[in-house]
Protein chains: 2
Amino acid sequence: MSVTLEQVQAAIGKPQAPFTYTYTPRDVALYALGVGAPADPLDPDELKFVYELSGEGFAVLPSFAVIYISQTIHDILSGRIGDIEFNPMMLVHGEQSLVIKKPLPSAGTVTCHPVIADIFDKGSGMLVLNDVVCKDESGDELAVLRSSMFIRGMGDFGGERGTSDKSDAAPDRPPDATMTEQTSPKQALIYRLSGDVNPLHADPAMAAVGGFEKPILHGLSTFGYATRAVLKHFCDNDATRLTGIKARFSKHVFPGETLVTEMWRVADSAVIFQTKSVERDEVVLSYARATIS
Amino acid sequence: MSVTLEQVQAAIGKPQAPFTYTYTPRDVALYALGVGAPADPLDPDELKFVYELSGEGFAVLPSFAVIYISQTIHDILSGRIGDIEFNPMMLVHGEQSLVIKKPLPSAGTVTCHPVIADIFDKGSGMLVLNDVVCKDESGDELAVLRSSMFIRGMGDFGGERGTSDKSDAAPDRPPDATMTEQTSPKQALIYRLSGDVNPLHADPAMAAVGGFEKPILHGLSTFGYATRAVLKHFCDNDATRLTGIKARFSKHVFPGETLVTEMWRVADSAVIFQTKSVERDEVVLSYARATIS
């Protein structure tokens, strides 16, 4: 399969059909379990992310906003963006960012407005920036998300190369805080129930097709672990104090591995972080930043 | 609160309002995770209980039928059976049995017909037998369940004492098979998302009110672990070969403890089993039997 410059130009900026996502506290709690919460089931600081009657008040992890756009992920996994067709097995989730505009409710219906913001020609593949604005039932913006998707083998169509954003690299000094957590061997099986049912995360045979020795953890699950690390160390576990987060998925994680998130406070409202797989000493989330208050 | 013989006699045999339970493969998989499946995420034998695209075919654990009657558990937890009111904190789930009439579908709507089968006066409390017949969308019986509930402090109303069924005690010889598994410290937090959201299983403060040092695992989660043990050792993990299971909840389990299920083949179609907490050397499921084919 290949793509033409005309197809790319037609796709850019074209709003796609809005869709809705309806959820309950059960979905919020299941997501939190999928990203490792609570580290200690007896600690009210994180129990509140999974227990709707918590004395601390039930709280929604800000990274839950990525679940609002599961439909977009489904659509892209079908191998089509606008008129552009591709092999979904060639797709890699490159980066994810989100900005929280209003504390996420613990239940409700969210309306999501997706648009292809840009498409770049990286030679070896095509980089697609997919933006989604998510609104609550009163029409207020809840969250704005950008997913960058790299599709191998779909480059060289004569488009703009774009730049490579190397800001938010890990500073060359010891981190101000670190958080280490072992994931469960079943972590991907829990996380996938939040909506990303790509077989790559459950099926040994499909993982082999993808070139992995066994199923890999969802990058967005690791993203949630990192979100929890920032919340714990810089926001006193107050979910409303984290208003933005972005990261690059630089390497896969196998369920059961230990994640260490290293964090640097670089401004009153900014934390740069990176997450590593301890067992393989690989950086798995990089060029990552959180905005806090 | 107390109860009169007239109230008891009026409640016995009176059908209660039917209710429905609608579910999807996601609910089936979440339940399986709540009872510890899969022991090994890479082993197709149990992956099929949590992965809807499994090459082995998606399979429903027969003990999932207990989820059909979650509404009954909710109703009883509200502290009312017929006209009888009681303090729900005095309620203990005594025994559970289920008979599978037809392999459980991986999705659909089940209609449940509950009735109070009997109520006994045990002196120190009242023993209520609640029967539910569950039917599929074509009206066929899928499963028949009996839950026995003991309500402390509600005895001495002048009713029948009933007998104490000591059949299916563990034989006085070494078991034919055993299965040992450590539960997750988060096991109750996962299991509760299948519908039994009693705070006793999540909230340290509520557990203390119930006299426990910390939240306890759902007895029905342990019941699911035992079901998996029988399936593995006597049914080659073929979910359709287990057609009946019953057990008494003789002691609590704390999430994170190790469960060992000891099994004795007592007939071609019958396995007696018991489950223990290894750390406390306590029998937690007793007088337990599975019917297999």
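Copies are superposed by least squares on the C-alpha atoms of residues with pLDDT of at least 70 in both. On that basis, chain A can be laid on chain B with an RMSD of 0.0 Å by a turn of 180° and a shift of 0.0 Å along the axis. The two copies are thus related as by a two-fold rotation axis. The same surface serves both copies, since 100% of the contact residues of chain A recur in chain B (contact: heavy atoms within 4.5 Å).

The model is predicted: local features need pLDDT of at least 70, side-chain atom pairs count only at pLDDT 80 or more, and totals for chains, interfaces and linings use all residues. Residues are numbered from 1 along each chain as its sequence is written, chains are lettered from A and ligands numbered from 1 in the order in which they are written, and side-chain values use heavy atoms, with hydrogens and water left out.

**The interface**

Chain A and chain B each give 28 residues to the contact. Between them they bury about 2,500 Å², of which 64% is on carbon and sulfur atoms; buried area is the accessible area (1.4 Å probe) that two parts lose on being put together, summed over both. Four salt bridges are counted between the chains, a salt bridge being a side-chain nitrogen of Lys or Arg within 4 Å of a carboxyl oxygen of Asp or Glu. In one salt bridge, the side chains of Arg192(A) and Glu52(B) meet at 3.0 Å, N to O.

**Helix H2 of chain A**

Helices (H or I, at least four residues) and strands (E, at least two) are DSSP runs, numbered from the N terminus. Eight of the 10 residues of helix H2 (residues 25–34) of chain A are buried, so this helix is largely enclosed by the rest of the structure. Buried means under 20% relative accessible area, exposed over 50%, and partly exposed in between (1.4 Å probe, protein chains only). Among the buried residues of H2(A) are Asp27(A), Leu30(A), Tyr31(A) and Leu33(A). Within chain A, the buried residues pack against strand S1 (19–23) and helices H4 (65–68), H6 (187–191) and H8 (219–234); from chain B, H2 and helix H6 (187–191) also take part. After H2(A) comes Gly36(A), with a positive phi near 95°.

**Aromatic rings**

Over all chains, the structure holds 18 aromatic pairs. Rings of Phe, Tyr and Trp (its six-membered ring) pair if their centres lie within 6.5 Å; planes under 30 degrees apart count as stacked, over 60 as edge-to-face and the rest as tilted.

| Pair | Centre to centre | Angle between planes | Class |
|---|---|---|---|
| Tyr23(B) and Tyr68(B) | 5.5 Å | 40° | tilted |
| Tyr31(B) and Phe64(B) | 5.5 Å | 65° | edge-to-face |

Tyr23(B), in strand S1 (residues 19–23), and Tyr68(B), in helix H4 (residues 65–68), are 45 residues apart, and both are buried. Tyr31(B) lies in helix H2 (residues 25–34) and Phe64(B) in the loop between helix H3 (44–47) and H4, so their pair ties together parts that are 33 residues apart in sequence. Tyr31(B) counts as buried at 1% relative accessibility, and Phe64(B) likewise at 1%. In chain A, ring pairs link Tyr21(A), Tyr23(A), Tyr31(A), Phe64(A), Tyr68(A) and Tyr191(A) into a cluster.

The charged end of Lys214(A) sits over the ring of Phe254(A), 5.4 Å from its centre. In chain B, Lys214(B) lies over the face of Phe254(B), at 5.4 Å from the ring centre. Such a charge has NZ of Lys or CZ of Arg within 6 Å of the ring centre and within 35 degrees of the ring normal.
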